[in-house]
Protein chains: 2
Amino acid sequence: MQRKRIKYPAYLERIQTPEAAALLIKNHDILGVSGFTKAGDSKAVLPKVAQRAGHEELKLTVLSGASLGYDTDADLAKNGALYKRMPFQADPTLRKSINNHEVLYVDQHLGQTAEMLQSIDSFKIDIAIIEAVSITKDGYIIPTSSVGNSPIFTEKADRIIIEINTKFPESIEGIHDIKFLKKQPNREIIPVVQSDTRIGVPYIKIDPEKVIAIVFTEVPDSPAIISDPDEKTKAISNHILKFLEKEVDEGRLTESLLPLQAGIGKTANAILSGFKNSTFKNLTMYSEVLQDSTFELFDSGKLLFASASSITVTESCSNRIFQNFEKYKDKLLLRPQNISNSAEVIRRLGVIGINTAIEFDIYGNVNSTHIGGTNMMNGIGGSGDFARNGYISIFACPSISKEGRISHIVPMVSHTDHTEHDIDILVTDQGLADIRGLAPVERARLIIENCVHPSYQGQLSEYFEKAYKLGGHTPHIMDKAFSWHTHLKNHGTMKMAE
Amino acid sequence: MQRKRIKYPAYLERIQTPEAAALLIKNHDILGVSGFTKAGDSKAVLPKVAQRAGHEELKLTVLSGASLGYDTDADLAKNGALYKRMPFQADPTLRKSINNHEVLYVDQHLGQTAEMLQSIDSFKIDIAIIEAVSITKDGYIIPTSSVGNSPIFTEKADRIIIEINTKFPESIEGIHDIKFLKKQPNREIIPVVQSDTRIGVPYIKIDPEKVIAIVFTEVPDSPAIISDPDEKTKAISNHILKFLEKEVDEGRLTESLLPLQAGIGKTANAILSGFKNSTFKNLTMYSEVLQDSTFELFDSGKLLFASASSITVTESCSNRIFQNFEKYKDKLLLRPQNISNSAEVIRRLGVIGINTAIEFDIYGNVNSTHIGGTNMMNGIGGSGDFARNGYISIFACPSISKEGRISHIVPMVSHTDHTEHDIDILVTDQGLADIRGLAPVERARLIIENCVHPSYQGQLSEYFEKAYKLGGHTPHIMDKAFSWHTHLKNHGTMKMAE
């Protein structure tokens, strides 16, 4: 039964157990592994590699599409298997190892990793480990629920291990659109002109000679855990819908808007869910990850087409969509992340990018990655790819958290991932600030008025007005710019004593 | 004689004096004016508008390509004629007004202004003032030494004033390549596949009915003042050449490299001049401004072709090239700045971007705009367009200045214009750090070792090692992050007391 998924007979003799395949990895190897926002990752071999590291010396560099599923990153970190990790992670154990300097982490724009691999050779990729739903008659890979960086990894790798995951129905074949981009000066135009433009083939073309092992698994993707929208995320969603409705009313957008992108997580999912009950029609997505909300929008008839690099959904959503896959198949494309997140396509299509922030400041700079300026949370992911080149770049976060001890709008962000130059709209549960075409002092007053929680408005106005008196295009009191962060650290709250 | 430059007879009766044309501007108007890095700006009408403001109330919003020439920005600012200015300036008087909050300034990516004008309508452009070398038989504009944002300004403007500058020879007709990009969702592919790909027409198509005045001038462009390379800029240039030679030797680039971009100013010009005596051949440029160094490279036979949005050269260079224009005409193209600075093209061609920094930090974040975190210098210009999407993104600055009282490498930049995610190479007179694929702590050690002046290495290592002990992916001592800047402000030097 399993073998019928391999239409290239020469691979049959390369079938191994995950344990045996894991033994092919050597100390100091550089691995390129499939997996993007938990979807389509290695669930057989890489966990066994992590286990090996529990009782022998293994220091690996692991490149992925984005985050991996289950406890793979945790186990790799816990057993000391990681020398370096990139371009993204979202695991609490690995995060701790990164912040303790046990693991080197390179936090990269998700659209940029393939570019880096083409331009430098310090990451040569010893072994690629790629999840597949099946193998074509030419020995090529049909990926599962993500494409990520798998095309560039298999291209650059000396050897390839393929994991065939029979949990995915073979019927997903056809949803992938794979195009390999040549290195400059031979880089071609990426001719995507609409979300649904197909430019490639539905498989990853590889050199079959590189394949050193095939393993089978039937472990499903780690399910996404998404809590229901709460009052804050609902308020954020409403503010965004209201803003977009105004853009339509005033003739700047049509009721089908422009292709939507939404980051991963509860807030982004809630925002997108909100479109179900909106006045918009015939929506499209050009995004990096499709969450439950995408399928809700399909079911509600609001969404026509969605392009991304992965499908990351809850268990119930996964069961529903993969059992009725014909219903969605013509409405989806999964692309390599250097195409889903390509500056060229994002700008051409005019993507409306909606991403979440850890904090933003009164001038519109955004911190997406670091807690208190030093500790990595997850990583920048694709937010910069979309924010920098999108038609409208929106960042959202709650105005306050921890019972008001933290304000997510601060005098100066403790780490800058997106600069004032790249941000159009900032939104919290309190309201929305449209900072397009505004000078810094105009931005500050609008953001304080519209986005900041009332319990912090006075304190933030006071900072701004004092700074304003000191002068400067972007007024700051440099020795107090991080005083809210240090006050939080020392006193457990950003609220200064009255 | 002058009139022979107007091949569209209906314009002849609209010829006016600059003084009369200046009277067509009304209080609160939004002006879109030609001019990019001093080249091709309004030299007749806008200075008269500035004069008017000396004795009557005029509060204008002025959008340009980039900086204007002579004292135009200074006079506008001095006479209180500016309500808002964007997307770039480089004038000491205007800078002062911006930092004093007398003028609102929107510091924008130069590639983004046209996008903004298409997506919002708060800047509707009342009058466009555009310098031309001549008028075609259909009433269209042949620009002079820059294209900048003139196509979008004339498209969006209600009325147009044209300045015909007879100082430029009519023979420059043909060097412009103008393509107007449609608003999304109808945005087309920008089919530039090499620096020399022509995609448009050599004139700006306008509606002749909008033209309300034509004036004549023969004032040349403000000459660029470029001091000779000094020891520091020569050292920087040599480090960059050595790095690129290594890339060629190790097979990552060919001896014609990839298209070069260089920012404006002494350092960038000196760096590019250095290529004259390099081992590279058949170079090309895909840049925003062409300085003297470009023509030196043409003359030395090193450079095959250069695409940009303007020609900004010294007086002697200007005389030389415009008197021998046939020699250069086939080797040049001037494009609108949303194409010269287009993310799509920059990434496709694989541009090597070389820009200057005010300061950078131990993790590779770059400040291009603000002195001491608050005071605007010039603006981000096109540096972000190229840095974000280039093949290799290089930032250069001297290691120290003011007799060593300032270190240009600091613990944390006081303003972030380019994040750690977008920078590949940092270079000073001391040396070069290739930070591609490195984690923050690896970057910090390399930057301190290679780029920092010996007189600051100890102090910066001490900061980093203390921060490292506190932990975190990006180690910082948050309440000391700007201590070098505040020490400079309070004690006139960044050197702490021993």
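How many bridges pair E1(A) with strand E5 (residues 127–135) of chain A, and in which sense? The legends below start there. This is a predicted model, in which local features need pLDDT of at least 70, side-chain atom pairs count only at pLDDT 80 or more, and totals for chains, interfaces and linings use all residues. Residues are numbered from 1 along each chain as its sequence is written, chains are lettered from A and ligands numbered from 1 in the order in which they are written, and side-chain values use heavy atoms, with hydrogens and water left out.

**View 1. Strand E1 of chain A and its partners.**
Three bridges pair E1(A) with E5(A), and the sense is parallel. Helices (H or I, at least four residues) and strands (E, at least two) are DSSP runs, numbered from the N terminus, and two strands pair if DSSP finds at least two bridges between them. Look for Val33(A), whose bridge partner in E5(A) is Ile129(A). E1(A) also pairs in the parallel sense with strand E2 (residues 60–63) of chain A, over three bridges. Here Ile30(A) has Thr61(A) as its bridge partner. Between E1(A) and E2(A) the chain passes through helix H2 (residues 45–53) of chain A, making a right-handed β-α-β crossover. Right-handed means that, with the strands pointing away from the viewer, the path from the first strand over the helix to the second runs clockwise. E1(A), residues 30–33, is covered on both faces: Ile30(A) and Gly32(A) on one side, and Leu31(A) and Val33(A) on the other, are all buried. Buried means under 20% relative accessible area, exposed over 50%, and partly exposed in between (1.4 Å probe, protein chains only).

UniProt (unreviewed entry) gives the feature "binding site" at Ile358(A), Asn378(A), Gly382(A) and Lys402(A). These positions are spread over 45 residues of sequence and also in space, with up to 27.1 Å between C-alpha atoms. UniProt positions are given in the numbering used here, feature names are shortened, and annotations may be inferred rather than shown by experiment. Find Asn378(A) in the loop between strand E19 (375–376) and helix H14 (383–389) of chain A. Asn378(A) has a relative accessible area of 23%, so it is partly exposed. Beyond its neighbours within four places in sequence, Asn378(A) is in contact (heavy atoms within 4.5 Å) with residues including Phe88(A), Arg95(A) and Tyr105(A). Lys402(A) sits in the loop between strand E21 (400–401) and strand E22 (406–407) of chain A. With 52% relative accessibility, Lys402(A) counts as exposed.

**View 2. Asp121 of chain A meets chain B.**
Asp121(A) lies in the loop between helix H5 (113–119) and E5 of chain A. Its relative accessibility is 45%, so Asp121(A) counts as partly exposed. Which residues does Asp121(A) contact, leaving aside its neighbours within four places in sequence? They are Glu250(B) and Arg252(B). The side chains of Asp121(A) and Arg252(B) are joined by a polar contact of 3.0 Å. A polar contact is a pair of N or O atoms within 3.5 Å; within protein, one must be able to donate a hydrogen and the other to accept it, and residues adjacent in sequence count only if both atoms are side-chain atoms.

**View 3. A histidine in chain B.**
His418(B) is found in the loop between strand E23 (409–410) and strand E24 (425–428) of chain B. Is His418(B) buried or exposed? With a relative accessible area of 2%, His418(B) is buried. Its side chain makes a polar contact of 2.9 Å with the side chain of Ser368(B). Not counting residues up to four places away in sequence, His418(B) touches several residues, among them Thr419(A), Phe395(B) and Ile423(B).

**View 4. Helix H4 of chain B.**
In H4(B), residues 92–99, the buried residues are Leu94(B), Arg95(B), Ser97(B), Ile98(B) and Asn99(B). Their cover includes helix H3 (72–78) and strand E3 (82–86) of chain B. After H4(B) comes His101(B), with a positive phi near 70°.
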